[in-house]
Amino acid sequence: MLQILLTVLQFLKTHLKLCNSTILCLKFSIHSILGTGQNLLIVVTLFAVYVNCVILYVLNSKPVFKESSRYILFAHMLFNDTVHLILTFFLFVFAVIFLKLAKAVCSIILFFNSTTFYIAPLNLAVMSLERYVAICFPLRHTEIATQKRTGIAIGFVWLLGSINILIDIITAAILDPRFFNAEMYCSREQLFYRLWQPEVFSVFIGVYFVSVTLIIIFTYISIMITARSVSSNKDSAKKAHRTVLLHFVQLGLCTMSFLYNTIDRALYIVTGSGNSLYLHVQYVNFLFLLILPRCLSPLIYGLRDDAIRPLFKHYFCPCFRKFSPAVNVQ
């Protein structure tokens, strides 16, 4: 993965050296585009993807993880965050170098990028409901949270997450006769052909995040009441209570991404697009608001799990492979 990214960036660097007469080369120097900020983004993104892939491998290495709805949902969250991280990074690179892509190709990239963005909070809601059933209805948990129903829930999450971007893509394909052969800058705004589309976009975001917030609040309160009322299995209830509380933290991190465009526009107005300060601050803005929140999922959920942590250490680095870790799923 690292070699592929470096090869792509080296190609872009070579290509940009040959286009001294273009607007792109006049506005951005090679040093600004492929400088320290870009290298930092590559390192952080690749490290986060590597950590996610290691945990995904851990979850796929033991049958007990594949049979638990809790770990199935966690694996889905990691897969979703990994895809979103990779696509967001490439979209950022495309935006920085003003690279145009075919509208059809760009629409596919934007479809998965937008869908994985919406799926993150929706998956948190399903994870909270799973913990709610496990604590409040322990005798029916194995009956309700089956592998089949978990798969159906994941499919429903993907359906909900893709509705808004599908509307925009279908609208663009209908209204633009050159949709399949024209080129465009790969951004969501390029698919807005009618004034109502940004409004629908805002409504979808509001409805999704308000609904998820209400679901997490409901499950948090219900688990807290159950933890105080039952006399047995209080440790499990407290763990579920802390897990749902962490869902609030993760939801807050997801909402940070909404600040990116606002801050980016403000920086553009104040400094201008060709200013070196704008480019450096843009890297920081992108790193802390879009990349790092997605990197924290394995830390918030995976590494605090007693069953995953020893296996993660075993596969993450050869220095930890002197012992054979045991799996303790509770």
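A salt bridge here is a side-chain nitrogen of Lys or Arg within 4 Å of a carboxyl oxygen of Asp or Glu. By that rule, D168 pairs with R188, their closest N and O atoms being 2.7 Å apart. Please keep in mind that this is a predicted model, where local features need pLDDT of at least 70 and side-chain atom pairs count only at pLDDT 80 or more, while totals for chains, interfaces and linings use all residues. Residues are numbered from 1 along each chain as its sequence is written, and side-chain values use heavy atoms, with hydrogens and water left out.

**Salt bridges**

- The structure holds six salt bridges.
- In the D168 pair, D168 sits in helix α9 and R188 in the loop between β2 and α10 (196–229), 20 residues apart; helices (H or I, at least four residues) and strands (E, at least two) are DSSP runs, numbered from the N terminus.
- D168 and R188 are both buried, where buried means under 20% relative accessible area, exposed over 50% and partly exposed in between (1.4 Å probe, protein chains only).
- R294 forms a salt bridge with D81 at 3.0 Å between the closest N and O atoms; R294 lies in helix α13 (residues 276–295) and D81 in helix α6, so the pair ties together parts 213 residues apart in sequence.
- D176 and K103, both buried, form a salt bridge with their closest N and O atoms 2.3 Å apart.

**Cavities**

- There are three cavities of 30 Å³ or more, a cavity being a set of points on a 1 Å grid over the protein atoms alone where a 1.4 Å probe fits but cannot get out.
- The largest cavity holds about 160 Å³ of space, volume being the space filled by probe spheres set on the points, which are joined across faces, edges and corners.

**Nonpolar patch**

- F156, L159, I163, I167 and W196 make a nonpolar surface patch of about 450 Å², with accessible areas from the Shrake-Rupley method with a 1.4 Å probe.
- Patch residues have over 30% relative accessible area and no salt bridge, and nonpolar side chains (Val, Leu, Ile, Met, Phe, Trp, Tyr) are joined within 5 Å.
- Helix α9 (residues 147–175) gives the most to this patch, four residues.
- I163 lies in helix α9 and is partly exposed at 31%.

Terms used
Patches are made of residues with over 30% relative accessible area and no salt bridge: like charges are joined within 9 Å, nonpolar side chains (Val, Leu, Ile, Met, Phe, Trp, Tyr) within 5 Å. On a 1 Å grid over the protein atoms alone, a cavity is a set of points where a 1.4 Å probe fits but cannot get out, and a pocket is an open set with protein on both sides within 12 Å along at least five of seven lines; lining residues have an atom within 4 Å of a point.
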